[in-house]
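Please have the sequence and the structure open while reading.

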Amino acid sequence: LAEHNKKFHAEGPYQAHVWAVHTGPHEGEIVWAMGPCTFTDLDSRPDSKEHNDDWQTNVQPNIKHASDLEYWKVDKEASYQPEGAPSGKVVWTLYDIKPFEGYRFSEILKKVAKVYKEKNYEHAFIVYNNQFDGGNGHDVAIETPFSDWAFFDRDRKFAKDYNEVHGEGSWRLLLEEYKDVVISSVDELAEFLPELSGGN
């Protein structure tokens, strides 16, 4: 996999990123992601005979099971990505949203991103929308990168910060609206594997 990625997916829109999942429904598995790219980029993705033969001969035989082929797009208005934010590990939270309530959930996330921006949080808050309905409840994903596990031991004061930015009592109202639009959510923690990914 490492040799394939460094040969065919080393840079640009076709760069491969490999993650090891440590907890959640896919614990013990890996995630292979390509991009960021546009759908137009996919029309010129690596698809030569050499590429396909290498994948089929050297990679595919080592894959026991594959699932959840998905296409995600960043929601820039609802995201917060400060320069130099910690990375290397990540929490992905996947949300199943009630039908026709996606626009309300997007507004909730924009309010959350505003707190990140006004309080100058060091960690990123990246929102992705699934571009196709796979029937698996993966409608929206929030990515929270971090660099060390001590991240989870730190005192979190987000509710207090949210009330300061949006007004007293606004956090409680946000939770009520959240319950109105979200069916369920699930967390997965993963760690980036540079040795298996594209790039140098």
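Two residues are said to meet, or to be in contact, when they have heavy atoms within 4.5 Å. The model is predicted, and the points below are grouped by topic.

**Packing of H4 and H5**
- Helix H4 spans residues 102–118 and helix H5 spans residues 158–166; their axes are 9 Å apart and the packing angle is about 95 degrees.
- H4 is therefore roughly perpendicular to H5, because angles of 65 to 115 degrees fall in that class.
- On the H4 side, the contact is made by Lys-111, Val-112, Lys-114, Val-115, Tyr-116 and Glu-118.
- Their partners in H5 are Phe-158, Asp-161, Tyr-162, Val-165 and His-166.
- By type, six residues of this contact are nonpolar, four are charged and one is polar.

**Backbone exceptions**
- Most peptide bonds are trans, and most residues other than glycine have a negative phi.
- Between Gly-35 and Pro-36 the peptide bond is cis, with omega near 5 degrees.
- Pro-36 sits in the loop that links strand E2 (30–34) with helix H2 (39–42).
- Asp-68, which is not a glycine, has a positive phi of about 55 degrees.
- The loop holding Asp-68 runs between helix H3 (49–59) and strand E3 (72–74).
- Asn-120 is not a glycine either, and has a positive phi of about 55 degrees.
- Asn-120 belongs to the loop between H4 and strand E5 (126–130).

**Accessibility of the positive-phi residues**
- Asp-68 counts as partly exposed because its relative accessibility is 34%.
- Asn-120 has 61% relative accessibility and so counts as exposed.

Note on methods: Residues numbered from 1 in each chain as written. Predicted model: local features only at pLDDT ≥ 70, side-chain atom pairs only at ≥ 80, totals over all residues. Heavy atoms only, no water. Axes fitted to C-alpha atoms, helices over the stretch in contact; angles between N-to-C directions. Helix = DSSP H or I, 4+ residues; strand = E, 2+ residues; numbered from the N terminus. Parallel < 35°, antiparallel > 145°, perpendicular 65-115°, else oblique. Nonpolar A, V, L, I, M, F, W, Y, C, P; charged D, E, K, R; others polar. Buried < 20%, exposed > 50% of the residue type's maximum accessible area, 1.4 Å probe, protein only.
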